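Student: I have a model open and would like to learn how to read it feature by feature. Could we go through it together?

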Amino acid sequence: MSFFDTVRIAFRALLKNKMRAVLTIIGVVIGIAAVTTIVSIGQGASKLVSGEFEALGTNVILVFPGQTRRGGARQSGAPTLTTADAESIGEECPAVLAASPIVATAGQVIYGNENWNPKQMQGVGQDYLTVRNWELEAGGFFSTSDIESNAKVCVIGQTLISKLFRTVNPMDEMIRINNVPFRVIGILAKKGANMVGDDQDDVVLMPHTTVRKRLNGSPLDNVRIIMVSARGTKQMGQAAKQIESLLYERHEIGPSEEPDFSVQDTTEIAATLGIITGTLTLMLSAIAGISLLVGGVGIMNIMLVSVTERTREIGIRMALGARGKDILRQFLIESVVLSCIGGAIGLLLGTGASMCANVLINMYKPGTDWPMIVSIPAAVVAMAFAAAVGVFFGYYPARRASKLDPIDALRYE
Amino acid sequence: MALIELDDVRRVYDLGEVKVHALRTVTRKIELGEYIALVGPSGSGKSTLMNTLGCLDRPTHGSYLLDGEEVVTMNRDQRAKIRNKQLGFVFQNFNLLNRTSALENVELPLMYGPRVSARERRDRAMEMLGKVGLADRYHHHPSQLSGGQQQRVAIARALVNRPSILMGDEPTGNLDSKTSREVIDLFRELNELQDITVILVTHDQNVARNAKRTLVLRDGEIVEDTTDFLLAKAALELDPAREE
């Protein structure tokens, strides 16, 4: 019997029991829909992650203080990077656009009788905005002389305005940061939440010298991170190499020694985040896949019932010359047709569901710009998987049908 | 060479504790174009003989040459092929696929044989339906046809692959006397005009009388093989228990 005839017969057989066919495929529909939705959302997340890094993507390279070896004891996060390192990176590396040291602090900001604990309180260099590719909404940024004089000036993000100032124009107002008075000289433009949902506007920037000397009271000249931006995405690797060799030289580290710093470009972080979202997606898909398995068992169950019900039909076909493999193929294709119809419906539902999820995310987290992704390969894989479920769970009933004895089958009531 | 040559064919059903000898020993020849009735009381082995001749079953002993080919040693697929090519079956309860049109029922054997185009399949099925007088009913489902019409569809289906043997297992058992006669006439016509070998199992003496040769079975053996129906009838009515 030709393949086309077999498929046609399978459809006819299924249409004779529409309700049953519909109920049978529900498991597969749900399984495929769940997998499709999760993969689509997961891919959206990965895309968002890499997109975010590209946007932030002022081609940022981070230099961390690394391990030091003192008397054999290794220590990480040791204070090995200095503001001088940051300055020379900015000046001497040709592939670097700008560099800024970052010194962190924490504490309370008070204006009038309002107070607020911002998420990020950082001491930075004068090129910080260039490095981050951030913009000011009003006012200016602190200058080299502000930094040299440990000036008590700050630039604040939008969240602080709403928390502290409400209707007052914060420009040139005095705020107290950990009880030290600072003048607001600039306001950052709104950036919204980042992909992890952190508020990027909840920030206070001050000269790094001021933070270190006036707030942290540290006598050392060390910085927590040096944030560097390369001149372009293509110069990232080049910039990282230049930074490394410069710091090797400045820190007098021999070629065989381990460096006391580490250079990390954000593409690596993006890749790591990508792996995390990828793993999550995979895990959730696996869970969704279980419902696909359950759906497959449903198909198997119904196919077994169908084989028993149609024993006489099988006998008739055998008497008329159907071979075991003709019968096997007939029932196998029937179950594959079932699961593929389920797969197709599930694919449509899943696509719809991920569209809804997309709309909802963008509605409740405006500014995230969660992308909608329905990938063709994922759809193809989903359909192939549905078909495989049909073959896998249809084989046993089909084989049972093909092994029937024609005489017994004909006599079956 | 005869169309069918049975040589010491036996069929034993092994039911574990007991062995049932459905066919004890049958040695017989059937020529092309014969019209044979298999008669006998229930349990005499006529259905077993029928299934054996129809290649649905395999004897446990002996040799069965069909058109010169040994059936006993064939595997399932080879027997399926023989059934498709050489044999046509008509059953007591018609055994049509329900919710399937008459035309598609008749097309079935063509689907399992050598590849035939859909158009040719349809043409040949229509032609066969025409021959049994149901050309105008081709799209009807079995439930929309009378018993006699269903049996004629079954005959059309049995003949569509142009087999050399038409086998009937109580083909008139579910029909009233009028439609029975029509079906019997059809068998006779097929046998006489188209030289198709007809082998029928029957309880119905009217059907048996129509046949040219009658084989009477009792306890798994052929006790009478005659072209004279009266002899067959006598053998059939003879009760061995009363004879003693």
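Student: Which residue stands opposite B:Arg218 in E10(B)?

Tutor: Strands of a sheet pair through backbone hydrogen bonds, either parallel or antiparallel. Here B:Arg218 stands opposite B:Glu221. The strands are E9 (residues 213-218) and E10 of chain B, which run antiparallel and are joined by 5 bridges. Two strands count as paired if DSSP finds at least two bridges between them. Helices (H or I, at least four residues) and strands (E, at least two) are DSSP runs, numbered from the N terminus.

Student: And how should I read the numbering and the model itself?

Tutor: This is a predicted model, where local features need pLDDT of at least 70 and side-chain atom pairs count only at pLDDT 80 or more, while totals for chains, interfaces and linings use all residues. Residues are numbered from 1 along each chain as its sequence is written, and chains are lettered from A and ligands numbered from 1 in the order in which they are written.

Student: What is the strand order in the open sheet of chain B?

Tutor: The order of its 6 strands is E6-E7-E8-E3-E9-E10, with mixed pairing. Strand E6 (87-91) and strand E10 (221-226) of chain B are at the edges with a single partner strand each, so one side of each has no neighbour in the sheet.

Student: Now chain A. Which residues of helix H3 are buried?

Tutor: A residue is buried if 20 or more other C-beta atoms lie within 10 Å of its own, exposed if 12 or fewer, and partly exposed in between, with C-beta atoms placed from the backbone. In H3 (residues 83-92) of chain A, the buried ones are A:Thr83, A:Asp85, A:Ala86, A:Ile89 and A:Gly90. They are on the same side of H3(A) because they cover an arc of only 160 degrees around the axis, taken from the directions from the helix axis to the C-beta atoms. On the other side, A:Ala84 and A:Glu91 are exposed.

Student: What covers the buried residues of H3(A)?

Tutor: The cover includes strand E4 (96-105), helix H7 (208-215), strand E13 (225-230) and helix H8 (236-250) of chain A. A:Ser100 lies in E4 of chain A. Its contacts beyond four places in sequence include A:Ala86 and A:Met227, where contact means C-beta atoms, placed from the backbone, within 7 Å.

Student: Why is A:Ser100 called buried?

Tutor: A:Ser100 is buried because 28 other C-beta atoms lie within 10 Å. A:Ser100 and A:Val228 are 128 residues apart in sequence, yet 6.4 Å apart in space, C-alpha to C-alpha.

Notes: Two residues are in contact if their C-beta atoms, placed from the backbone, lie within 7 Å.
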